[in-house]
Amino acid sequence: ELSCEIERIGCGLLWSLSMMVENQPLIAEKEGIEAILNAQLRYKNDLQLQIMAMGALKVLSFDPRAKGVMRRKFGTDVVASIMNEHTFDATIQVDGCVIIGNCAVDDGVNYTHEVSEREIEAVLAGMVAHEGLLVVAEAALFTLMSLAHSKSNATVIQQNQLSKIAMDKAFKQHPNELAMTILTLIKRLKLNTEAIRGTETPWRK
């Protein structure tokens with residue numbers, strides 16, 4: 001479809017332009033992020049478009065102004081939706097994790113925003129779907145570590161039924177590479193959630 005091809009070209013062009021740091025705030029100001037998100041929603045099933053769109057958003061998510069736009073436009077909710085739509089594409093999963101993690105953290109002020117349960121579940125589902133891929137597990141765990149600085153996020157992670165499954169699979173597949181990261185994440189989750197007497201954490205047998 002011609003209109004989809006035009007949107008693909010647009011997302012690819014914005015991705016290329018975003019590689020230059022000085023262009024990132026300009027793209028945010030000129031509604032480039034909105035254009036990308038609209039293309040993603042319009043052509044959810046088009047993997048090529050989504051890969052280019054996620055690549056652009058990943059680069060832009062390192063810019064403070066662009067992050068602010070993404071939060072205001074519910075960009076990470078769109079990202080989670082695309083991650084769910086293309087669960088078995090590793091590139092989509094890795095880029096999605098980076099975007100969600102970056103947008104949740106405000107640089108320089110040590111503040112982590114609350115994210116939706118849908119975003120957290122998308123990260124966990126990607127880990128489960130790609131249990132054999134270290135790059136996906138690393139991206140997901142790094143994002144979860146960032147999100148877990150918020151007590152609200154930590155509670156949602158801890159209570160999600162996929163948490164134990166994702167952690168167990170990651171540990172079994174990559175014990176040497178991920179054991180310390182997983183243990184650190186579990187410790188952070190425990191510290192940032194209120195313990196309920198007599199209950200167990202989801203990963204405790």
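**Entry 1: terms and ground rules**

I began by writing down that a polar contact is a pair of N or O atoms within 3.5 Å, where, within protein, one atom must be able to donate a hydrogen and the other to accept it, and where residues adjacent in sequence count only if both atoms are side-chain atoms. I then noted that this is a predicted model, in which local features need pLDDT of at least 70 and side-chain atom pairs count only at pLDDT 80 or more, while totals for chains, interfaces and linings use all residues. Residues are numbered from 1 along each chain as its sequence is written, and side-chain values use heavy atoms, with hydrogens and water left out.

I looked up Asn 192 in the segment after helix H12 (175–191), where helices (H or I, at least four residues) and strands (E, at least two) are DSSP runs numbered from the N terminus. The side chain of Asn 192 reaches the backbone oxygen of Ala 148 at 2.7 Å. Is Asn 192 buried or exposed? Asn 192 counts as buried because its relative accessibility is 17%, and the cut-offs are under 20% relative accessible area for buried, over 50% for exposed and partly exposed in between, with a 1.4 Å probe and protein chains only. Leaving out residues up to four places away in sequence, I found that Asn 192 touches Ala 148, His 149, Lys 151 and Ala 154, where contact means heavy atoms within 4.5 Å.

Thr 193 is also in the segment after H12, and I noted it as buried, with a relative accessible area of 12%. Apart from its neighbours within four places in sequence, Thr 193 is in contact with Lys 151, Ala 154, Thr 155 and Gln 158. The C-alpha atoms of Thr 193 and Ala 148 are separated by 9.3 Å, although the two residues are 45 residues apart along the chain.

I next followed helix H6 (residues 75–85), whose axis comes within 9 Å of that of helix H8 (residues 117–129) and crosses it at roughly 35 degrees. Axes here are lines fitted to C-alpha atoms, for helices over the stretch in contact, and angles run from 0 to 180 degrees between N-to-C directions. Which residues make the contact? On the H6 side I listed Thr 76, Asp 77, Ala 80, Ser 81, Met 83 and Asn 84, and on the H8 side Arg 118, Glu 119, Ala 122 and Val 123. Sorted by class, the contact of H6 with H8 has four nonpolar, three polar and three charged residues.

I then turned to H3 and H6, whose axes come within 10 Å and cross at roughly 35 degrees. In this contact, Leu 37, Gln 40 and Leu 41 of H3 meet Gly 75, Val 78 and Ile 82 of H6, and by class there are four nonpolar, two polar and no charged residues. For both counts, Ala, Val, Leu, Ile, Met, Phe, Trp, Tyr, Cys and Pro are nonpolar, Asp, Glu, Lys and Arg are charged, and the others, Gly among them, are polar.

In helix H5 (residues 64–72) I found Ala 66, Lys 67, Gly 68, Val 69 and Met 70 buried. The elements they pack against include helix H2 (24–29), helix H3 (32–42) and helix H4 (47–60). At the start of H5, a side-chain oxygen of Asp 63 comes to within 3.1 Å of the backbone nitrogen of Arg 65.

Phe 74 lies in the loop between H5 and H6, and its phi is near 55 degrees, a positive value in a residue other than glycine. I kept in mind that most residues other than glycine have a negative phi. Phe 74 is exposed, with a relative accessible area of 63%. Glu 31, in the loop between H2 and H3, has a positive phi near 65 degrees and is exposed at 53% relative accessible area.

**Entry 2: cysteines**

How many disulfides does the structure hold? I found zero, with a disulfide taken as a pair of cysteine sulfur atoms within 2.5 Å. The sulfur of Cys 11 is too far for a bond because the closest cysteine sulfur, in Cys 4, is 9.1 Å away. Cys 97 is in no disulfide either, and the nearest cysteine sulfur, that of Cys 103, is 13 Å away. I recorded Cys 11 as buried, with a relative accessible area of 3%, and Cys 97 as buried at 2% relative accessibility.
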